[in-house]
Amino acid sequence: MASELIFRGGHEAHLKSDEYDSPKPLKPWLTVTRPIHYLLREQRLVFLVLGIGIATLIFSLTPSNTSSSNIDINMHDSIGGESFLTAESTRLIPIHHGRVSDGFRSGKVPLGLKRKGLRIVVTGGAGFVGSHLVDRLIARGDSVIVVDNFFTGRKENVMHHFGNPRFELIRHDVVEPLLLETNVVGTLNMLGLAKRVGARFLLTSTSEVYGDPLEHPQKETYWGNVNPIGVRSCYDEGKRTAETLAMDYHRGAGVEVRIARIFNTYGPRMCIDDGRVVSNFVAQALRKEPMTVYGDGKQTRSFQFVSDLVEGLMRLMEGEHVGPFNLGNPGEFTMLELAKVVQETIDPNAKIEFRPNTEDDPHKRKPDIGKAKELLGWEPKIALRKGLPMMVSDFRQRIFGDQKGGDTTTTAF
């Protein structure tokens with residue numbers, strides 16, 4: 001029986017092979033009528049037309065994504081961590097990478113922070129200034145990707161955005177794969193990304209580009225007085241080189257860049273032990289330690305509250321001027337005067353301890369903000385005696401927790 005079945009199968013296959021060895025040619029008119037019959041059968045034509053109509057309606061109602069801009073804020077600091085776009089300053093990519101490619105498109109991207117649906121990358125966005133900038137961007141409805149290696153940034157600074165679908169945090173060092181901690185490499189990486197995706201790039205430079213200035217106050221036209229081989233030169237020259245790279249990409253590759261030269265800034269979320277003068281004085285006074293003054297204390301600085309700085313950065317990114325722009329508070333204080341304000345705010349009995357001055361410490365520092373006033377319509381609003389108590393309250397909470405920090409008092413001016 002099995003052999004019979006096999007035989008029959010082979011016989012039928014043989015017959016079919018003979019039948020199709022020489023197929024008859026199709027009639028020419030069948031090539032036209034068969035598709036028509038197929039479409040008309042079972043109302044296929046009706047469903048085809050209906051599908052085309054639905055697809056057309058969907059595409060006509062869906063808003064185009066080409067109107068959204070991508071902003072790169074470089075907030076990367078020379079020590080590899082905090083902003084200082086550490087915009088995108090500021091992936092504004094350092095202003096850097098991670099999964100940023102998910103949100104960027106190739107080709108020229110329309111510019112302007114006032115557009116709806118912006119996707120903004122803030123490198124160093126978990127740092128002091130960067131986290132405050134992120135707050136402003138999230139509050140106005142933008143989607144923000146924060147890239148930070150947490151060298152000086154703190155996850156606590158952005159934890160209140162966790163769960164927000166418009167917020168994403170990526171732990172990443174923007175200087176990889178070279179694994180160097182310098183603002184030059186990070187800025188170069190981010191400028192390359194800004195060029196590829198057509199993003200506007202904000203570089204947060206620093207007043208340190210002026211070095212120990214021979215001009216007072218300092219205007220943006222002043223080239224500076226920097227020791228290229230001094231102990232501070234890695235930061236000073238690093239920022240000067242970053243500005244050079246930004247302008248080269250702007251002139252040579254057409255990258256939209258914005259440059260801010262930021263003067264001393266203070267406020268909540270500063271690192272408690274970062275070595276900066278305001279945070280040093282506040283932390284020492286709260287801990288009942290002597291406030292350390294280097295040199296004779298007659299060197300001057302200008303101090304702006306962080307919210308004033310963020311407002312200036314926003315206006316710079318929204319505007320059409322490349323810069324550089326000085327962003328700082330023209331109010332000038334000696335270190336001894338600053339120590340006195342801290343005493344008035346925290347503890348009138350706080351002691352001052354003098355130590356030898358550091359090498360290449362600038363004698364004077366005060367911004368001329370005439371250019372920012374004229375072109376950005378910006379100037380700081382918060383005086384030192386008004387802003388310092390807000391910073392003290394933040395430091396007290398972080399140092400002592402729920403305790404009040406002994407006999408310390410906070411006085412608002």
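Helices (H or I, at least four residues) and strands (E, at least two) are DSSP runs, numbered from the N terminus. The model is predicted: local features need pLDDT of at least 70, side-chain atom pairs count only at pLDDT 80 or more, and totals for chains, interfaces and linings use all residues. Residues are numbered from 1 along each chain as its sequence is written, and side-chain values use heavy atoms, with hydrogens and water left out.

Helix α4 spans residues 128–139, 12 residues in total. From first C-alpha to last it reaches 17 Å, close to the expected 16 Å; the expected span is 1.5 Å times one less than the number of residues. Of the 12 residues, 10 are buried, so α4 is largely enclosed by the rest of the structure. Buried means under 20% relative accessible area (1.4 Å probe, protein chains only), against over 50% for exposed and in between for partly exposed. The buried residues include Phe128, His132, Asp135 and Ile138. Just after α4, glycine 141 takes a positive phi of about 100 degrees.

Most residues other than glycine have a negative phi, and most peptide bonds are trans. Phenylalanine 150, in the loop between β3 (143–148) and β4 (167–171), has a positive phi near 60 degrees. This residue is buried, at 18% relative accessible area. Arginine 269 has a positive phi near 80 degrees. Its place is the loop between β7 (265–266) and α7 (277–286). Arginine 269 is buried, at 17%.

Two peptide bonds are described next. Histidine 216 and proline 217 are joined in cis, with omega about -10 degrees. Proline 217 lies in the loop between β5 (200–206) and α6 (233–253). Glycine 323 and proline 324 are also joined by a cis bond, with omega about 10 degrees. The loop between α8 (306–318) and β11 (325–327) holds proline 324.
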